[in-house]
Amino acid sequence: MSHPFHGDGARTLYTSEDRTRQRSEALLSAKTSGRNISEVICGFADSVRLPERPSILDVGCGQGRTTVRLARHYPDASLTAVDASPAMVAATVKRTAGLNVEALTGDFHSLPFGDSSFDLAIAIMCLYHSPTPHLAISEIGRTLRASAILVTKAIDSYSELAALLEVTGLDPRATSRPSLYEAAHSGNLPELTEQGGLQVDQVEHETHTFTFNDLMHTATYLATCPQFVLPDHVRQPQILAAELRSRIPDGPITTSATITYVLARPTGRTP
Ligand SMILES: C[S@@+](CC[C@H](N)C(=O)[O-])C[C@H]1O[C@@H](n2cnc3c(N)ncnc32)[C@H](O)[C@@H]1O
């Protein structure tokens, strides 16, 4: 089986804004601890020396949530958002209307920008979509004058959900399949960053916890997870919830993910 987070797998995941919104809303509505990632990014950005009117690049911008947060935090900045998915770029264009943001399609292995174009680049939860993330980091570094903030998750994030599908027999191989995040995760991101030619200044980890209210809430998220191989007849959240209820008692389900932030800069530049 090809990797569900690379190549065509990733392209399929991000072909519609609705699907992406359903996936992130199911997860965010279960969140019980962990700082908002866009807020943490603004804090890191404030900690580096940026010019008065910085140019900022959001790589793999998705629906543009962090792009908007940065545009409001730095009203004099010029923001550029890039994503491989035209649907995500369209969502970002809509969300950033009226702000100083340009959004365009592009692949982070070959960015449509000149060398040293940006004062700050961020890449949140997207590098694990590359089978060669160090090359994507090197390409981001090429476009940079100063700092980069790279963000990923731990390789065992949400492992409780894989265990749930395995014990219920709905996906007997759920815990033995490779992690979606295996290419660029909390454990290897600092090393990949150095391989990509950037110097790592700071690494920070934070565990986020999520408690789904019941099996229906859990199923809403599980149905969007490409890691799991579910029988065809249980792909709809309602049917998946009913199957889960027939195998285990209904109730809250808790899971967690470690979020890792790497602050870096092109080798030899002062912070
Ligand atoms: C999980 S979303 C993250 C979105 C956003 N950064 C956030 O944190 O909300 C991952 C994004 O990476 C994008 N992506 C995947 N492969 C890419 C590539 N090769 N070049 C640019 N973007 C890519 C996807 O289209 C998707 O929008």
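Modeller: The chain has 10 helices and 8 strands, where helices (H or I, at least four residues) and strands (E, at least two) are DSSP runs numbered from the N terminus. This is a predicted model, in which local features need pLDDT of at least 70 and side-chain atom pairs count only at pLDDT 80 or more, while totals for chains, interfaces and linings use all residues. Residues are numbered from 1 along each chain as its sequence is written.

Colleague: What makes a residue of helix H9 count as buried, and how many of its 8 residues do?

Modeller: A residue is buried if 20 or more other C-beta atoms, placed from the backbone, lie within 10 Å of its own, exposed if 12 or fewer, and partly exposed in between. In H9 (residues 215–222), 6 of the 8 residues are buried, so the helix is described as mostly covered. Those residues, among them Leu-215, Tyr-221 and Leu-222, pack against helices H2, H7 and H10 and strands S7 and S8, whereas for the whole chain 40% of residues count as buried.

Colleague: How do you know that the buried residues of helix H6 lie on the same side?

Modeller: The buried residues of H6 (residues 133–142) are Pro-133, His-134, Ala-136, Ile-137, Ile-140 and Gly-141. They cover an arc of only 155°, taken from the directions from the helix axis to the C-beta atoms, which puts them on the same side of H6. An α-helix has 3.6 residues a turn, so residues three or four places apart point the same way.

Colleague: What makes a set of residues a nonpolar core, and which members of the largest one touch the most others?

Modeller: Such a core is a set of buried Ala, Val, Leu, Ile, Met, Phe, Trp, Tyr and Cys residues joined through C-beta atoms within 7 Å. The largest has 73 residues, of which Val-59, Ala-121, Ala-123, Ile-140 and Leu-150 touch the most other members. Strand S8 (residues 253–266) gives the most to this core, with 7 residues.

Terms used:
Contact = placed C-beta atoms within 7 Å.
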